[in-house]
Amino acid sequence: MNNNKLYPFERNRYYPGKMLTSADFQAEQDYHINKMRFMNGLMYGSGVICGLGVFSLDDQSVLIESGSAIDGRGREIIVDSTTVKKLSAIEGFDRLTGDVARLSIRFKEQEIHNVYSVNRKEDEKEYEFNRISEGYELFLSDKESVETDYSPETEFLTKETLFKSENYVGEIMVPSTVCKGGNVKIVLEIRKLSGNDVSLNCRGVLEMPAFVTADGEHEIEFSVENLRLAFGDSLKKEYWVRVQDTPAIATELILRSGTGFAFEDDSAISTASNFTLRVILSKLDPMQLVGNAAGKVNLEMRGIGLLDDSVPLADLKIVRTSNNYLIDTITEDTVKNYIMTPAQMMMRNQYLSFFKKEVDLTAARTEGQQQVTSSKGGSRTEFSNIATGTVEVPLGKNARAGDIRYSGEIPHGLGMGNVYVDIGYTYVSDDPGLAANQKCTFYGNPDLFSRKGDPMTDVETAVKVLNEKGNFVVAVRLLKDVDYLTLTFRWVAIRFPSGDEMEITEDYYDKSISVATPTVIMGTKESHFFGVRFNNMKATGITYELTSPGSGEISSDGVYTAPTREGVYEIRIYCTEMPVICTYAYAIVRKKMVGEPAGRDGSAGDGGF
């Protein structure tokens with residue numbers, strides 16, 4: 001294990017008449033270089049910053065994209081241009097013995113620019129290298145021989161062995177300190193220790209006096225039947241429980257007697273006698289617990305970096321013939337470790353928006369409907385003019401008091417017309433009654449609920465409703481400097497009916513229409529028919545209209561043709577003679593890849609964008 005300690009730092013002290021030698025200039029360079037690498041390792045760790053994708057160019061060659069990485073000593077590795085390498089020409093290929101090779105990259109310096117040495121002494125070299133080029137080197141090694149990265153030991157997790165034999169080991173893991181009133185995950189991990197083809201069966205009950213499951217039980221029953229794992233593989237089973245708010249300061253997890261473990265070959269097995277797992281109960285919130293555990297790792301532990309000063313890029317499965325080889329598959333996802341840099345935060349938030357929905361476009365009317373159970377049994381759909389959702393307003397870096405930030409246009413799903421939108425400030429407060437942090441949403445002035453007189457809110461807000469587009473925009477003005485990047489609000493939209501609509505609302509209270517496939521994923525210029533179902537009413541004339549220009553084309557009978565531009569487009573559908581009865585459909589338009597089948601099944605895209 002290499003010790004990558006770069007400190008203590010020493011720098012030159014200059015004084016009048018000091019004679020500078022090459023050693024002094026070297027010390028000057030070492031001071032700045034080591035300090036930068038120390039901060040790289042401390043702040044970012046080791047891994048890929050960007051790029052460095054690995055692709056199979058042909059059966060025997062790989063392409064490595066340009067990119068950058070930081071190794072275990074905090075050194076920057078820069079690949080300034082895409083490179084193509086024949087596998088047999090990469091360092092370490094001739095020493096491979098297995099079928100899976102690990103492709104890695106490491107920092108490499110090279111002395112360049114050979115120049116004549118002026119004022120040299122008799123015993124010194126006539127020529128010296130004038131520069132040092134910082135480069136990189138690719139190399140291959142057997143995956144089985146690669147040692148796993150060393151992680152600094154912390155006291156965050158506590159672990160106890162359930163059973164162990166020559167073939168399998170089973171362990172229970174849980175945070176050593178948990179939050180009263182909060183949720184926590186208990187993990188059962190089973191690892192294979194040998195290459196023997198042996199199955200495992202086990203069943204047991206873990207008793208938890210201070211924890212409770214979703215069913216209100218104080219125990220977890222776990223079972224594994226006919227488990228077969230390959231050497232080095234593992235199986236993890238997760239169990240979520242809630243920590244009760246008790247006066248106790250500690251608790252224990254106890255394995256109920258009678259737990260059994262069985263192997264196919266009746267191999268010897270040892271079980272932890274009187275298995276118990278001690279856990280501390282705390283009133284701290286999870287963020288404080290995690291921060292404390294990470295921050296307690298001292299410099300001596302952090303100074304011990306990776307076992308190897310390389311950065312893994314991919315695993316390559318190789319098929320060998322009598323006198324040649326072929327690259328079968330390349331795996332990157334489980335090999336690469338990407339560094340989360342602040343510069344990529346905006347991009348990450350943008351990408352995450354495709355998974356964290358601000359507005360549920362697949363069921364834009366669903367939030368405005370309620371399932372009401374009738375006295376006759378079953379349910380009916382109640383028409384409503386209310387919708388709700390969340391919106392995040394990005395602040396960016398260095399937000400200061402007085403700055404104004406805006407959200408994008410947010411569709412409220414209630415269509416065009418007179419719509420009222422209000423937003424509430426989402427705030428996390430300490431609730432002494434529950435001994436935990438609680439998320440609250442304040443509509444109006446939250447300072448009225450402040451117990452200490454300190455203002456809770458950091459912003460003032462306004463909402464601009466675009467009546468002709470069915471959208472709204474949120475504006476935020478900061479009242480003081482903040483150090484976070486986004487603000488989260490809960491919005492509620494209410495559509496006010498016109499005078500004519502108010503008169504007939506009661507007549508059509510239980511009548512509605514719905515789209516057979518409310519959301520479709522389709523390619524540009526493709527067409528789709530939006531069929532309509534009538535609920536508690538007879539079939540009548542239907543009108544289709546696009547809610548914004550440039551959204552494609554919709555015929556009078558409901559055939560929608562997508563535009564050439566990618567995006568999410570809204571279609572309003574209503575009864576021609578009763579416009580108050582309406583619904584919405586959405587088309588997700590994107591360019592299709594070559595050979596990709598047309599996706600018209602709205603259920604496949606429901607909630608997945």
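Here is a short walk through the structure above, from the whole chain down to a few side chains. Keep in mind that this is a predicted model, where local features need pLDDT of at least 70, side-chain atom pairs count only at pLDDT 80 or more, and totals for chains, interfaces and linings use all residues. Residues are numbered from 1 along each chain as its sequence is written, and side-chain values use heavy atoms, with hydrogens and water left out.

Start with the big picture: the protein chain has six helices and 41 strands, taken as DSSP runs (H or I of at least four residues for helices, E of at least two for strands) numbered from the N terminus. Among its contacts with a separation of 6 or more, 66% are between residues 24 or more positions apart, a contact being heavy atoms within 4.5 Å.

Now for the surface. The chain exposes about 35,700 Å², with carbon and sulfur atoms supplying 50% of that (Shrake-Rupley method, 1.4 Å probe; for residues, only the protein chains shown count as cover). Of the 609 residues, 37% are buried, where buried means under 20% relative accessible area, exposed over 50%, and partly exposed in between, with a 1.4 Å probe and protein chains only.

Zoom in on helix α1, residues 22-43, and you'll find Met39 there. Met39 is partly exposed, because its relative accessible area is 38%.

What about the cysteines? Cys202 counts as buried because its relative accessibility is 5%, while Cys50, at 36%, is partly exposed. With a disulfide taken as a pair of cysteine sulfur atoms within 2.5 Å, the count comes to zero.
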